[in-house]
Amino acid sequence: MQIMRNAAVVEMDADSSAYRVVPGQSIAMTDGMIAWVGADSDLPDDYAGGEMRDLGGRMVTPGLIDCHTHIVFGGDRAREFEMRLEGADYQEIARAGGGILSSVRDTRAADEETLLARALPRVDHLLAEGVTTLEIKSGYGLDVETELKMLRVAREIGRQRKVNVITSWLAAHALPPEYQDRRAAYLSEGVIAGMDRAHADGLIDAVDGFCEGIAFSVEEMEQVFDHAARLGLNIKLHAEQLSDLGGAAMAAERGAISADHLEYLGADGIKAMAEHGTVAVLLPGAFYTLRETQLPPVQALRDSGVPIALATDCNPGTSPLTSLLLTMNMGATLFRMTPAECLRGVTLNAARALGLSDRGRIAAGLRADLAVWDIAHPAELSYRIGFNPLYARILGGQHV
Ligand code: DI6
Ligand code: FE
């Protein structure tokens with residue numbers, strides 16, 4: 001039994017987007033879980049023999065959750081960044097074989113050790129800011145062997161670092177060049193056959209896709225999701241990032257746990273997401289990097305009661321971002337989300353976006369994944385830019 005005393009606990013209500021700071025709290029943790037939370041003076045006697053730690057009034061939030069990353073990839077895209085600044089646009093570069101496909105070449109060429117060695121510094125940057133759960137997608141292999149290789153690296157990250165890794169099968173990220181004009185064949189031989197293997201190897205927790213003019217259509221994604229349903233896997237979708245194809249509504253109607261990006265999301269998509277409890281994962285790093293001007297419909301999502309999460313989308317093309325704190329700042333500054341919404345977006349709602357109900361809040365019975373901060377007000381987490389006030393990271397009750 002470990003007990004943290006004298007903590008200022010940031011509480012989030014279940015049914016509103018407000019938060020509140022409750023000082024003078026103790027958090028008792030055992031077997032990786034939170035056993036009890038309450039006033040220091042009410043700590044049950046049977047816990048008195050536990051290992052005590054005085055937090056000196058510091059603020060405690062749930063451990064942060066980055067619920068959408070492509071953090072495993074080969075090479076980098078600094079040259080593409082330069083080309084965009086010289087006038088080329090993202091979709092043009094993608095059609096000319098650059099963009100995602102250049103990362104695919106580099107990811108295929110890299111061995112597992114290299115992919116791991118390149119990903120770990122990015123992961124460490126996230127962890128240094130209090131991340132305790134991290135989602136990692138495949139999607140830069142686009143052939144079964146390389147997709148599986150990426151996911152083995154993702155699982156290895158979870159073994160080599162103190163973080164929970166959740167994986168998504170994103171073979172439907174782009175059409176690989178060797179399947180040009182053979183889209184149906186890629187879907188069956190690559191996306192669907194690969195899903196079976198990855199699932200059999202225990203490498204996937206959910207199935208994702210990129211539903212966009214430069215990637216896959218709504219009808220194609222339906223086939224992928226039909227197969228995910230046969231395997232009993234959760235689904236999620238990159239939807240409405242560059243145009244409104246109706247992907248979010250289709251995914252929501254099939255019970256998707258999240259729809260992500262959503263700058264071009266329309267009223268039908270919002271309605272379907274609200275009806276099915278699909279989380280809207282907003283990715284301000286990609287919005288910022290692409291200098292997108294179409295804002296996601298934050299107010300309409302709020303009005304409809306769609307839970308909103310925030311994530312880095314860490315990827316070499318559109319979001320070379322490894323800071324969830326900066327992501328919160330962008331959520332506030334670019335998307336006008338409140339600091340309370342930003343915090344909920346990287347904790348409770350990020351957990352929901354991963355289909356996890358055992359974390360994301362500080363309450364008895366949930367995982368003891370926590371972040372302790374040297375701040376006076378929780379809004380500081382969204383307000384300050386390029387500043388990291390993390391004091392301690394607790395994973396499964398252990399100080400890591
Ligand atoms: N949307 C994105 O922003 C990333 N993937 C996706 O589906 C970008 C992928 C890349 O450009 O490498
Ligand atoms: Fe993404």
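The shell around ligand 1 comprises 4 nonpolar, 8 polar and 2 charged residues, where Ala, Val, Leu, Ile, Met, Phe, Trp, Tyr, Cys and Pro count as nonpolar, Asp, Glu, Lys and Arg as charged, and the others, Gly among them, as polar. The model is predicted, so that local features need pLDDT of at least 70 and side-chain atom pairs count only at pLDDT 80 or more, whereas totals for chains, interfaces and linings use all residues. Residues are numbered from 1 along each chain as its sequence is written, chains are lettered from A and ligands numbered from 1 in the order in which they are written, and side-chain values use heavy atoms, with hydrogens and water left out.

In total, 14residues surround ligand 1, the closest being R77, Y90, Y140, H173 and T318 (a residue is near if one of its heavy atoms lies within 4 Å). Polar contacts are pairs of N or O atoms within 3.5 Å. A side-chain N or O atom of R77 lies 2.8 Å from an oxygen atom of ligand 1, and a polar side-chain atom of H173 is 2.8 Å from a nitrogen atom of the ligand. For D313, the separation between a side-chain N or O atom and a ligand oxygen atom is 3.5 Å. Of the 320 Å² that ligand 1 exposes when taken alone, the protein buries 100% (Shrake-Rupley method, 1.4 Å probe).

Methods. A polar contact is a pair of N or O atoms within 3.5 Å; within protein, one must be able to donate a hydrogen and the other to accept it, and residues adjacent in sequence count only if both atoms are side-chain atoms.
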